[in-house]
Amino acid sequence: MATEAIAVAPTFSAGVERETGETSIRLSLQLHGTGEAKLNFPVPFLRHMLHLFAVHGQFDLAIDADGDVDVDDHHLVEDIGLCLGKAIAGALGNKAGIRRYGERHTPMDETLARAVLDLSGRPAFVLQAQFTNERIGTFPTELVAEFFKSVANEGRMALHLAVLYGENNHHMVEGLFKAFGAALREAVSTVDGGVPSSKGVLE
């Protein structure tokens, strides 16, 4: 039987700071918020997507970050994903009294996106999407997977994303971020009871 100390009950808010030779990030998250986003970092497309994530999840999200975007956007996008995942995990503590699972289908014009997640404590990530452009504006579409993989790993969640169909790459990614926000909102909503697991523990 496990004897190590279990994290405190959810506070639904957390802050994360990360300083490396490649990036500098300060992030704060309130999972039971109003949808307010204050985003200051030099990747415009990701700023747009995280604004949508905050609005559709009703999260308060603030990010002040910089990085070696003169090389490319990869390090900053990946590290913002890491910090967001850590903030989600920190805000949820021992996960007592949360719904745990979330699911949302989101249409974006001709596109239909799906997000399904389990705040299980076991990181897993699957993305099923066929992007047809290498970039959306200046943003490399390959970084969509890198961002969400970082969130899933550090957030210790099983995250399954799919673009069921669509034509416009911007719409595809936008649908994914909106669906993820709404699915996470459902998963962190409160219910009566303790930790939602037959084991009694969600790490």
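Two strands count as paired if DSSP finds at least two bridges between them. Helices (H or I, at least four residues) and strands (E, at least two) are DSSP runs, numbered from the N terminus. With that settled, on to the model.

This is a predicted model, where local features need pLDDT of at least 70, side-chain atom pairs count only at pLDDT 80 or more, and totals for chains, interfaces and linings use all residues. Residues are numbered from 1 along each chain as its sequence is written, and side-chain values use heavy atoms, leaving out hydrogens and water.

Confidence comes next. pLDDT is the predictor's confidence in each residue, from 0 to 100. The protein chain has a mean of 92, and 91% of its residues reach 70 or more. Residues 1–5 stay under 50, and there the model has one contact (heavy atoms within 4.5 Å) beyond four places in sequence. Where pLDDT is low, the predicted coordinates should not be read in detail.

Now the strands. S2, residues 23–30, pairs with S4, residues 60–67, in the antiparallel sense over eight bridges. S2 also pairs antiparallel with S1, residues 13–19, over seven bridges. S1 and S2 make a hairpin, with three residues between them. Ala-14 has Leu-29 in S2 as its bridge partner.

A salt bridge here is a side-chain nitrogen of Lys or Arg within 4 Å of a carboxyl oxygen of Asp or Glu. The whole structure has six of them. Arg-26 stands opposite Asp-64 in S4, and the two form a salt bridge with the closest N and O atoms 2.9 Å apart. Asp-64 is in S4 and Arg-26 in S2, so this pair ties together parts that are 38 residues apart in sequence. Asp-64 is partly exposed at 30% relative accessibility, and Arg-26 is partly exposed at 37%.

Another salt bridge joins Asp-79 to Arg-18, with the closest N and O atoms 3.1 Å apart. Because Asp-79 lies in helix H2 and Arg-18 in S1, the pair ties together parts 61 residues apart in sequence. Asp-79 is buried at 4%, whereas Arg-18 is partly exposed at 24%.

Just after H2, Gly-93 takes a positive phi of about 50 degrees.

In helix H4, residues 169–187, Glu-174 and Lys-178 are four residues apart, about one helical turn. They form a salt bridge, with the closest N and O atoms 3.0 Å apart, and both are buried.

Last, the aromatics. Rings of Phe, Tyr and Trp (its six-membered ring) pair if their centres lie within 6.5 Å; planes under 30 degrees apart are stacked, over 60 edge-to-face, the rest tilted. The search finds seven aromatic pairs in the whole structure. In one, Phe-147 and Phe-148 have ring centres 5.4 Å apart and planes at 75 degrees, so the pair is edge-to-face. Phe-147 is buried at 1%, and Phe-148 is buried at 0%. Ring pairs link Phe-53, Phe-59, Phe-147, Phe-148, Phe-177 and Phe-180 into a cluster.

Note on methods: Buried means under 20% relative accessible area, exposed over 50%, partly exposed in between (1.4 Å probe, protein chains only).
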